[in-house]
Amino acid sequence: MTPLRLGYLYGFVAYLLWGFFPLYLRLMRPAGPLEILAHRIVWSVVFVALLLAAMRNVGFLRALLRRPRALAGIGVAAALIAVNWGTYIYGVTSERVVETALGYFINPLVVVLLGVTVLRERMRPTQWVALGIGGLAVAVLTVDYGRLPYLALVLAFSFAGYGLAKKQLGLPAAEGLFVESAVLALPALAYVGWLAARGEGTFGEVSVGHTLLLVSAGAATAIPLLLFAGAANRLPLTGLGMIQYLAPILQLGCGVLIFHEPMPPARIAGFALVWAALIVFTVDAVRNSRRTRAATLAARRAEAVAAPR
């Protein structure tokens, strides 16, 4: 199998797993959102630590401890991913899967917005059009919900901020996930212990299957991230961008078709505007990628012609 096909396979499986993640979270009832989040953090540390030990790749920690700015960045990334995970778990367990799917639909638009406001990048006119349509979609959905779709906005902004922090850090997927989860592990363990002391924890109390579901949260978190990293290393950005919509499409399907969440006409109109914004955004990204590739090839040919023989 070629690296490109392998990249698409990794990406497809990663987004497939993320797309059906709401089904997994619903199985964890009667555990509450915070208990599920705490176990997800703790078992992620355990799973990735075992993986790194098997790979004999623990030396990176010593080098990392000598980089205080990197450690501060990891703290920021850990806080953002904790907010993202906690919000998503709350959304799924409170029967608002459709709104969580909306968050991941608008995430690419928020990434562009952060690029402009934080990194001072210049936007192309078509990107401004996409952002404008996305803003109109949020307005329509606000009228439909009778409030801002705050779960979707928190998910979109926290994940976009997490991606920005990860970009600045440049850590590999497994190492990054281990350190971020380790930062959160102590408060997560403290919360699990507090629940157990009060007799309110579900770990080991409901059934063997329920306990195994909580333990497997570490693998369920790490495996898609590692597959995504494998895809990102092999695919062009446009290819990766195209398949990223698979996860929220599947999440929306779970919410509407499996959990029977309502989709009134106004909500459908809001989602239609979001999809229109994403179409504009994706077409612009593909065209810009082709122009950049063509310009690079032309420059290389010019250099080859001009080179002394």
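This is a predicted model: local features need pLDDT of at least 70, side-chain atom pairs count only at pLDDT 80 or more; totals for chains, interfaces and linings use all residues.

**Exercise 1. Determine how Tyr104 and Phe159 are arranged as an aromatic pair, and where each residue lies.**

Solution. 
Step 1. A pair of aromatic rings is described by the distance of the centres and the angle of the planes.
Step 2. For Tyr104 and Phe159 the distance is 5.9 Å centre to centre, and the angle between the planes is 80°. Planes over 60 degrees apart count as edge-to-face, and the pair of Tyr104 and Phe159 is accordingly edge-to-face.
Step 3. Tyr104 belongs to helix α6 (residues 97-117) and Phe159 to helix α8 (residues 150-169), so the pair ties together parts that are 55 residues apart in sequence.
Step 4. Buried means under 20% relative accessible area. Tyr104, at 18% relative accessibility, counts as buried, whereas Phe159, at 31%, counts as partly exposed.
Step 5. Both residues are members of one aromatic cluster, together with Phe21, Tyr24, Tyr88 and Tyr162. The count for the model comes to 13 aromatic pairs.

**Exercise 2. Which residues are linked with Glu99 in a network of salt bridges?**

Solution. 
Step 1. A salt bridge requires a side-chain nitrogen of Lys or Arg within 4 Å of a carboxyl oxygen of Asp or Glu.
Step 2. Arg96 and Glu99 form a salt bridge with their closest N and O atoms 3.5 Å apart.
Step 3. Arg147 and Glu99 also meet in a salt bridge, at 3.0 Å from N to O. This pair links distant parts of the chain, 48 residues apart: Arg147 is in the loop between α7 (125-145) and α8, and Glu99 is in helix α6.
Step 4. The network therefore consists of Arg96, Glu99 and Arg147.
Step 5. Glu99 is buried, at 1% relative accessibility, and Arg96 is buried as well. Arg147 is partly exposed, with a relative accessible area of 27%.

**Exercise 3. Determine which parts of the chain are linked by the salt bridge between Glu95 and Arg29.**

Solution. 
Step 1. The closest N and O atoms of Glu95 and Arg29 are 3.9 Å apart, and the cut-off is 4 Å.
Step 2. Glu95 lies in the loop between α5 (68-93) and α6, while Arg29 lies in the loop between α2 (21-27) and α3 (33-54). The two residues are 66 residues apart.
Step 3. Arg29 is partly exposed, with a relative accessible area of 38%.
Step 4. The model's count comes to 7 salt bridges.

How values were computed
Residues are numbered from 1 along each chain as its sequence is written. Side-chain values use heavy atoms; hydrogens and water are left out. Rings of Phe, Tyr and Trp (its six-membered ring) pair if their centres lie within 6.5 Å; planes under 30 degrees apart count as stacked, over 60 as edge-to-face and the rest as tilted. Helices (H or I, at least four residues) and strands (E, at least two) are DSSP runs, numbered from the N terminus. Buried means under 20% relative accessible area, exposed over 50%, partly exposed in between (1.4 Å probe, protein chains only).
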